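Here is a short report on a predicted model.

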Amino acid sequence: MDRLLRGELPPGGKCDLKTLALESGVTRTGFYPKKNRDGTTRPGPYQHLAEEFERRLTALRQAGEIVDPRAAQIERLKAQVAELKDRVANRDEALAELTAFKTLAVSRIAAQQSEIERLREQTAALSNVRRLPSARSGTAPYGSCS
């Protein structure tokens, strides 16, 4: 009992009555009350040990100590899963925001391109608008400054 409560569990065992029975070499049914033929109950031969084991195990759990390493691993993994779910939810939210921003940016660029094309067509249609030479051709538009 003391070994199990310290966390020294056999391979594949848990901190429970079944493992206690296997480790002590008694049948598990010895930990439970028995019924007589007349219907009355009598304590099992090892019932007092089962009650003590459960009492000590409950006291350890209430103190925050996890005796079973598998239970500790399960708790650790549950916390890790919860943290990963939060991270995935945050990333999904950020991705949705970025997708909405991208859609808005592309629509604005398309609107600006449409406006530029409309203005070019409008200036081409007017005969009183004269194009200035571009600065790339090597000539200054308003004469040279030399």
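Leaving aside neighbours within four places in sequence, Cys15 is in contact (heavy atoms within 4.5 Å) with Leu4, Leu5, Leu9, Phe53, Leu57, Arg61, Val67 and Asp68. The model is predicted: local features need pLDDT of at least 70, side-chain atom pairs count only at pLDDT 80 or more, and totals for chains, interfaces and linings use all residues. Residues are numbered from 1 along each chain as its sequence is written, and side-chain values use heavy atoms, with hydrogens and water left out.

**The core.** Cys15 and Phe53 have the most contacts inside the largest nonpolar core, which has 13 residues. Such a core is a set of buried Ala, Val, Leu, Ile, Met, Phe, Trp, Tyr and Cys residues joined through side-chain atoms within 4.5 Å. Buried means under 20% relative accessible area, exposed over 50%, and partly exposed in between (1.4 Å probe, protein chains only). Two or more residues come from each of α1 (2–5), α2 (17–24) and α3. The top contributor is α3, with four residues. Helices (H or I, at least four residues) and strands (E, at least two) are DSSP runs, numbered from the N terminus.

**Helix α3.** Which residues of α3 are buried? They are Gln47, Ala50, Phe53, Leu57 and Leu60. They lie on the same side of α3 because they cover an arc of only 150° around the axis. The arc is taken from the directions from the helix axis to the C-beta atoms. On the other side of α3, His48, Arg55 and Gln62 are exposed. The cover over the buried residues of α3 includes α1, α2 and β2 (41–42). The 16 residues of α3 should span 22 Å at 1.5 Å a residue, and the end C-alpha atoms are 22 Å apart, which agrees. The expected span is 1.5 Å times one less than the number of residues. Just after α3, Gly64 takes a positive phi of about 90°.

| Residue | Helix | Relative accessible area | Contacts |
|---|---|---|---|
| Gln47 | α3 (residues 47–62) | 15% | Gly30, Phe31, Tyr32, Pro33, Arg42 |
| Thr19 | α2 | 7% | Leu4, Pro10, Gly13, Lys14 |

The side chain of Gln47 also reaches the backbone nitrogen of Gly44 at 3.0 Å.

How values were computed
Polar contact = N/O pair within 3.5 Å; in protein donor to acceptor, adjacent residues only side chain to side chain.
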